[in-house]
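Morning, everyone. I have one structure to go through today, so please look at the screen.

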Amino acid sequence: GLFSLSTPVNGTALYRRVPDNDVSQEGPEFRRSISSGSEEAAGRSTAVGIIHSLTFNLLMAALIVANAVVIGLETENPEIPCWSMIETVFLAMFTLELALRLTVFGIKEFFGYHNADFRWNVFDFCIVIAGVFDAVSSMTPLRHDR
């Protein structure tokens, strides 16, 4: 299937998947439709509600504490072979949480200086990106050409 341009009332262009068997007035390649955008607004409102919910924030706080406990256990017991996998799971969860917030709020709002969480957002972004960089660089073989 292809993607059609859907223009809600607020003027933001959205793209939706068009089924392969869709034949519209403009031909089988593209279909332009006008929608109110209410589904998108409701979805964003729900996502914002989840991100700001007490449950979500407690879950993320528990994840941070659990990660700190694992780091402590790893320091005391480095010989246990599962630490790398556990670290990867934590990193994936933190990366998904960051991606969710960036998607819902957008880069401009997320990094907006007016945002009350600006400092935390920058801190969180830097920590997660450093973790992703570390994970990717540890998977990349180093070459020492002399």
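How do α1 and α2 lie to each other: roughly parallel, roughly perpendicular or oblique? Keep in mind that this is a predicted model. Two packed helices are described by the angle between their axes and the distance between the axes. Here helix α1 covers residues 38-52 and helix α2 covers residues 54-76. They pack at an angle of about 50 degrees, and their axes are 5 Å apart. Angles from 65 to 115 degrees would count as roughly perpendicular and those under 35 as roughly parallel, so α1 and α2 are oblique to each other.

On the α1 side, the residues that meet α2 are Ile50, Ile51 and His52. Their partners in α2 are Leu54, Phe56 and Asn57. By class, that contact has 4 nonpolar and 2 polar residues, and no charged ones.

Staying in helix α2, take Leu63. Its relative accessible area is 11%. The cut-off for buried is under 20%, so Leu63 counts as buried. Beyond its neighbours within four places in sequence, Leu63 is in contact with Phe90, Met93 and Phe94. Phe94 is 31 residues away along the chain, yet the C-alpha atoms of Leu63 and Phe94 are separated by 8.5 Å.

Helices α1, α2, α3 and α4 each supply at least two lining residues. By class, the lining has 18 nonpolar, 9 polar and 7 charged residues.

Note on methods
Residues are numbered from 1 along each chain as its sequence is written. This is a predicted model: local features need pLDDT of at least 70, side-chain atom pairs count only at pLDDT 80 or more; totals for chains, interfaces and linings use all residues. Side-chain values use heavy atoms; hydrogens and water are left out. Axes are lines fitted to C-alpha atoms, for helices over the stretch in contact, and angles run from 0 to 180 degrees between N-to-C directions. Helices (H or I, at least four residues) and strands (E, at least two) are DSSP runs, numbered from the N terminus. Angles under 35 degrees count as roughly parallel, over 145 as roughly antiparallel, 65 to 115 as roughly perpendicular and the rest as oblique. Contact means heavy atoms within 4.5 Å. Ala, Val, Leu, Ile, Met, Phe, Trp, Tyr, Cys and Pro count as nonpolar, Asp, Glu, Lys and Arg as charged, and the others, Gly among them, as polar. Buried means under 20% relative accessible area, exposed over 50%, partly exposed in between (1.4 Å probe, protein chains only).
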